[in-house]
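Hi,

Here is the structure I promised to pass on. Have a look at it first, then read my notes below.

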Amino acid sequence: MLTRRKFVQTVGAGAAGALTGSWIGARGREGSLWDLAPTLDAAQAMRVIPLSSNENPLGPGKVVLDAVQRAFGPAGATPGRYSSATGELRDVLSTYLNVRPENLTLGCGSTQILRTATHVYTERTKALVGTIPTYEESAGYAAMLGRPVRAVALDRDFRMDLDKLADASRGAGMVFYCNPNNPVATYVGAQATRDFIARVHRISPETTILVDEAYFEYVTHADHATMIPVALEDPRVVVARTFSKAYGMAGLRLGYGVGHPDAIRRMSQWDSGSGTSSLNVLALHAGIAAIGQGAAFVDAERARNTAVRNFTVKWFADRGMKSTDSHTNFIFVNTGMLAKQFRDGCAAKGVRVGRDFPPFEHAWCRISLGTMDEMKRAVAVFGEVLGKAGVIAAA
Ligand SMILES: Cc1ncc(COP(=O)(O)O)c(C=O)c1O
């Protein structure tokens with residue numbers, strides 16, 4: 001079996017070459033600072049409102065930070081040892097998700113899960129299929145590996161077009177099913193998703209569907225449910241989850257994949273036993289504490305985000321600007337201005353918003369949601385940049 005380590009040794013030079021390509025370099029990395037306005041001085045940069053990377057503006061919270069602190073142990077002993085906390089996190093997650101440890105694989109962020117699945121389930125003759133736009137990690141990784149990528153357009157409401165996606169899945173290695181979908185923020189209901197999975201497997205029995213549930217906790221749709229039960233039964237479905245969003249741990253880097261033991265085994269064989277080698281002991285302890293906060297934490301975080309989302313969507317709607325139906329901690333809004341022009345205008349006034357998302361960069365911008373206080377300050381800047389500070393749409 002070719003493991004990830006052997007693969008890196010074998011193709012390292014080629015992969016490094018591909019990585020220097022500007023397209024790969026610019027693809028969907030959240031959280032990078034490359035779009036910080038160069039005109040800001042250091043003090044201004046400290047005050048920037050960061051609304052470009054879909055993070056939780058509150059961060060991990062005290063319970064989690066205390067756990068990280070404790071993980072240092074006496075005289076920093078714990079970080080000096082290879083971690084033994086992997087098993088504990090797997091146990092905690094298993095209980096939380098009502099699955100068995102063999103249904104889980106851990107990763108350095110869900111990025112690692114996405115890459116591993118892309119590597120294992122696509123081939124030079126078996127394409128990756130996804131929407132355009134969507135979160136680009138899988139597509140970028142597939143392209144780097146020389147695997148074909150098939151992209152299908154969204155429907156008129158910026159939702160995944162399930163007919164087009166199912167058609168394109170014929171003979172594909174993997175469908176990247178990002179739900180809710182980044183950057184457009186829309187969600188496809190649980191029953192429609194289950195039907196889609198069944199349909200793909202009728203049309204194309206060997207295709208794996210990777211359901212990316214990165215923003216799962218923020219969904220407020222009436223028909224909302226995880227695809228984990230489907231994945232547990234069907235080795236051709238894998239669910240990816242992350243601690244980066246609702247749990248506020250983007251910088252700590254922790255994610256996981258859930259699936260049938262056969263699917264998890266296949267991914268783990270490639271990625272040296274559940275990604276243990278890429279895991280950081282501080283993140284593991286943070287993850288255990290984060291899950292320990294229970295459902296009440298997630299409910300409160302969802303309610304906080306929903307209030308901020310409603311406020312921000314309404315601010316734009318009151319001024320005649322339409323947003324998609326967001327089920328995430330960001331919105332996708334038609335400002336009517338070139339995304340770059342809007343972004344640069346905002347950056348010059350200390351608000352960082354999302355990058356271009358072709359084919360919608362002519363008018364649409366992705367804005368991550370900060371705290372309510374940050375958004376109240378941000379909309380004042382949006383109003384100035386758009387020349388619509390006090391303009392209210394006609395009823
Ligand atoms: C849809 C989606 N999936 C996966 C990720 C990767 O997140 P992480 O590697 O931090 O878990 C992101 C990051 O923004 C995302 O938007």
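Which strands and helix make a right-handed β-α-β unit? Strand S3 (residues 128-132), helix H7 (residues 137-144) and strand S4 do. Right-handed here means that, with the strands pointing away from you, the path from the first strand over the helix to the second runs clockwise. Helices (H or I, at least four residues) and strands (E, at least two) are DSSP runs, numbered from the N terminus.

Before I go on, some housekeeping. Residues are numbered from 1 along each chain as its sequence is written. The model is predicted, so to speak of local features we need pLDDT of at least 70, side-chain atom pairs count only at pLDDT 80 or more, and totals for chains, interfaces and linings use all residues.

**The whole protein**

The protein has 15 helices and 11 strands. Of its 395 residues, 47% count as buried; buried means that 20 or more other C-beta atoms lie within 10 Å of the residue's own, with exposed at 12 or fewer, partly exposed in between, and the C-beta atoms placed from the backbone. Among contacts with a separation of 6 or more, 74% are between residues 24 or more positions apart. A contact means that two C-beta atoms, placed from the backbone, lie within 7 Å.

**The sheet**

Seven strands form an open sheet with mixed pairing, in the order S2-S8-S7-S6-S5-S3-S4. Two strands pair if DSSP finds at least two bridges between them. S2 and S4 are the edge strands, each pairing on one side only. On average, neighbouring strands of this sheet are turned by 25 degrees against each other, direction ignored. For angles like this, axes are lines fitted to C-alpha atoms (for helices over the stretch in contact), and the values run from 0 to 180 degrees between N-to-C directions.

Back to S3: four of its five residues are buried. S3 runs parallel to S4 (residues 149-153), and five bridges join the two; Gly130 has Ala151 in S4 as its bridge partner. S3 also pairs in the parallel sense with S5 (residues 174-178), over two bridges, and there Val129 stands opposite Val175.

What about helix H7, the link in that unit? Seven of its eight residues are buried, so H7 is largely enclosed by the rest of the structure. Glu137, Tyr141 and Met144 are among those buried. After H7 comes Gly146, with a positive phi near 80 degrees.

Now go to S2 (residues 104-107). Both of its faces are covered, with Leu104 and Leu106 buried on one side and Thr105 and Gly107 on the other. S2 is antiparallel to S8 (residues 255-259), joined by four bridges. Leu104 stands opposite Val258 in S8, and Gly107 faces Gly255. Helix H5 (residues 86-97) lies across S2 and S8, at about 125 degrees to S2.

**The core**

The largest nonpolar core has 104 residues, and Ala117, Val175, Leu210, Ala231 and Ala286 have the most contacts inside it. A nonpolar core is a set of buried Ala, Val, Leu, Ile, Met, Phe, Trp, Tyr and Cys residues joined through C-beta atoms within 7 Å. Helix H12 (residues 281-292) gives the most to this core, with seven residues. At least three residues come from each of domain 1 (14-60 + 295-386) and domain 2 (62-294); the bounds are from an automatic or database domain assignment.

Beyond its neighbours within four places in sequence, Ala117 is in contact with Met174, Leu210, Val238, Gly257 and Met267.

Cheers
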